Amino acid sequence: MTETFFEFVGKIVLYGIGAVGIAYGLFVFLGKKWIENKFATKLEEYKSVQNKELEDFRYKINILFSKATKIHEKEFEVLPEAWIKLQNALGLISKLVSPFQSYPDLNRMVEDELQEFVAKSRLTETQRKRVLNESDKNEYYMDIIFWHDLYEVQSGISDFHNYIMRNKIFLSADLKEKFQQIDDIIWEAFTMSKISKEGEDRKMRHDAYKKIKDDTNIIRDEIEKLVQKRLHYKED
């Protein structure tokens, strides 16, 4: 600990130092104390500034980390749901465009059986009455049920499309691209199927089936691998 002012003056008097010497000694002593005090003050100010900058930096890092964590958590929520909706959309469109359609033989049903089937069908009340009065019940039923199927398919693939659009911000660039590609193919096949029915163009419906069969499998497999990678899935 540096000596006190009075201790310092006492030593000067004891050793008989003159007035000039005393004045110089006081200047040196006080100057030294002033410098030490100034240095201590500046050091505290510097420490305070450094601590504030460090706290600000920590705060910014915590915010960025929190955002990154929330985005990653959202990705874990979005990807499984997007995959489920994709599978549903592919199942619906594949069934719609498939050349292997299966229908009940309404013409061979007895009256009670026909009445029960029609009552449980997706037909409207007007359509149910009409199918009962048609001479070729199978032809009318297959024609009208197609539009019910079309509506259900449109609803399912729209659900997938809208989900991807709403959550694409949480998708990595490669996944976003693959989901967009397969979404475009699904909608193209859907449109082709609708046009083929309206124009009685069986070839176009076959082309829609081929597009789904050939063009979606590779992309779907790529999406599956990318999803597993993002979710850190590892096979045993």
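Me: Is Lys211 buried or exposed?
Reply: Keep in mind that this is a predicted model. The cut-off for buried is under 20% relative accessible area. Lys211 has 18% relative accessibility, so Lys211 counts as buried.

Me: Which residue forms a salt bridge with Lys211, and how many residues apart are they?
Reply: The closest N and O atoms of the bridge are 3.4 Å apart, and the partner of Lys211 is Asp215. Asp215 counts as partly exposed, at 32% relative accessibility. Both sit in helix H7, separated by about one helical turn, so the spacing is four residues.

Me: Which parts does the salt bridge of Glu75 with Arg230 tie together?
Reply: In that pair the closest N and O atoms are 2.7 Å apart. Glu75 counts as buried at 4% relative accessibility, while Arg230 is partly exposed with 32%. Glu75 lies in helix H2 (residues 19-97) and Arg230 in helix H7, so the bridge ties together parts 155 residues apart in sequence: H2 and H7.

Me: How are H6 and H7 oriented to each other, parallel or antiparallel?
Reply: Their axes come within 9 Å and cross at roughly 160 degrees. The crossing is left-handed. Angles over 145 degrees count as roughly antiparallel, and H6 and H7 are therefore roughly antiparallel.

Me: Which residues does Arg205 contact, leaving aside neighbours within four places in sequence?
Reply: Arg205 lies in helix H7. Its C-alpha atom is separated by 8.3 Å from that of Ala189, 16 residues apart along the chain. The contacts of Arg205 beyond those neighbours are Leu96, Val97, Ser98, Gln101, Phe146 and Ser196.

Conventions. Residues numbered from 1 in each chain as written. Predicted model: local features only at pLDDT ≥ 70, side-chain atom pairs only at ≥ 80, totals over all residues. Heavy atoms only, no water. Axes fitted to C-alpha atoms, helices over the stretch in contact; angles between N-to-C directions. Helix = DSSP H or I, 4+ residues; strand = E, 2+ residues; numbered from the N terminus. Parallel < 35°, antiparallel > 145°, perpendicular 65-115°, else oblique. Left-handed = near helix turned anticlockwise from the far one by under 90°. Contact = heavy atoms within 4.5 Å. Salt bridge = Lys/Arg side-chain N within 4 Å of Asp/Glu carboxyl O. Buried < 20%, exposed > 50% of the residue type's maximum accessible area, 1.4 Å probe, protein only.
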